[in-house]
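Subject: Structure handover

Hi,

Here is the structure for you to look over. My notes follow below.

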Amino acid sequence: MESKNNKDRIAQVVREKYGSLAEKQMEKQGSISCCGEDTSCGCGSASELSDQINNLYTAEEIDSLSESVTDISLGCGNPTAIAKLVPGQIVLDLGSGGGIDCFLAAKKVGGKGRVIGLDMTPKMLDLARANAKKQGVQNVEFRYGYIEDIPLPDSSVDVIISNCVINLSADKDTVFRETYRVLKIGGVLNVSDIVTTGSLPQVVAQELSAWVGCVAGALDEEVYLEKMRKAGYKKIEITERKYYGTELISENEGIQRIISENELDLADLENKIASITLRAVKEA
């Protein structure tokens with residue numbers, strides 16, 4: 001369990017990083033990338049980001065979205081692809097960022113449904129709200145808050161989606177308890193996230209800046225699933241698993257710096273990091 005001071009530091013680093021990305025995106029006039037000096041989850045060069053968006057989302061899904069939405073998609077998967085959303089549902093997106101998954105979910109739940117995007121970064125919320133206005137979306141709202149303390153009543157949402165966000169939390173036990181609390185009976189948690197298999201080099205696991213790169217905050221897959229079980233989830237299905245090879249890992253400048261400064265071997269991370277997509281049901 002992380003100390004309170006360290007949890008606060010991690011939250012501040014994450015907030016500052018994503019706040020900077022949101023600010024740059026709002027200022028963007030064609031030449032500024034969404035990425036800073038260190039790449040984040042799903043964030044690389046303009047061409048790499050374009051490839052990633054195309055890999056995670058179908059052309060049909062993203063064709064109707066503006067560049068201010070797609071250019072700041074920082075996820076590692078497409079949770080809405082497995083959400084099986086239906087009209088009239090209430091959906092919660094944890095760490096909604098620029099709003100891409102919210103807007104996709106909003107189409108599926110229709111005018112009688114509602115999507116709530118939750119984010120702890122004010123500048124990202126400003127960007128998401130501006131994107132909603134630009135898209136003309138009426139059934140989405142964006143709220144400030146923490147995924148460890150979801151500002152919603154018990155049993156109030158049908159579906160929760162989260163895209164490469166839970167791994168950034170220093171208190172995943174509380175996150176999973178909160179998701180279980182706000183889901184209705186029969187509700188579904190759909191998550192795309194980063195996990196590890198085997199132990200990462202200690203310096204990588206402890207490097208604060210790497211939390212924003214979605215690596216140091218990642219848990220071993222079985223530990224991740226056990227935390228979900230302890231929160232109450234009994235029915236958990238992993239629908240996709242993709243391992244990261246050294247070529248993909250090496251694209252993260254933050255991890256490159258850690259490896260260089262500590263004379264590590266990139267091969268030490270080969271196939272120890274994976275993105276998974278899972279589905280869990282809150283049963284009676």
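Start at the cap on helix α10. Asp 220 caps the N-terminal end of α10, with a side-chain oxygen 3.0 Å from the backbone nitrogen of Glu 222. Bear in mind that this is a predicted model.

Helix α10 spans residues 221-231, and its buried residues are Glu 221, Tyr 224, Leu 225, Lys 227, Met 228 and Ala 231. They cover an arc of only 155° around the axis, which puts them on the same side of α10. What do these buried residues pack against? Their partners are α8 (172-182), β5 (183-196), β6 (219-220), β7 (235-244) and β8 (273-281). Just after α10 comes Gly 232, with a positive phi of about 130°.

Now strand β1, residues 90-94. Five of its five residues are buried, so β1 is largely enclosed by the rest of the structure. Ile 90, Leu 92 and Leu 94 point one way from the strand. Val 91 and Asp 93 point the other way. The general rule: in a regular strand, side chains alternate between the two faces of the sheet.

Which strands pair with β1? One is β2 (residues 114-119), parallel, over five bridges. There, Ile 90 has Arg 114 as its bridge partner. Another is β4 (residues 157-163), also parallel, over four bridges. In β4, Asp 93 is partnered by Ile 161.

Best wishes

Methods
Residues numbered from 1 in each chain as written. Predicted model: local features only at pLDDT ≥ 70, side-chain atom pairs only at ≥ 80, totals over all residues. Heavy atoms only, no water. Buried < 20%, exposed > 50% of the residue type's maximum accessible area, 1.4 Å probe, protein only. Helix = DSSP H or I, 4+ residues; strand = E, 2+ residues; numbered from the N terminus. Pairing = 2+ DSSP bridges. Arc of directions from axis to C-beta. Contact = heavy atoms within 4.5 Å. Polar contact = N/O pair within 3.5 Å; in protein donor to acceptor, adjacent residues only side chain to side chain.
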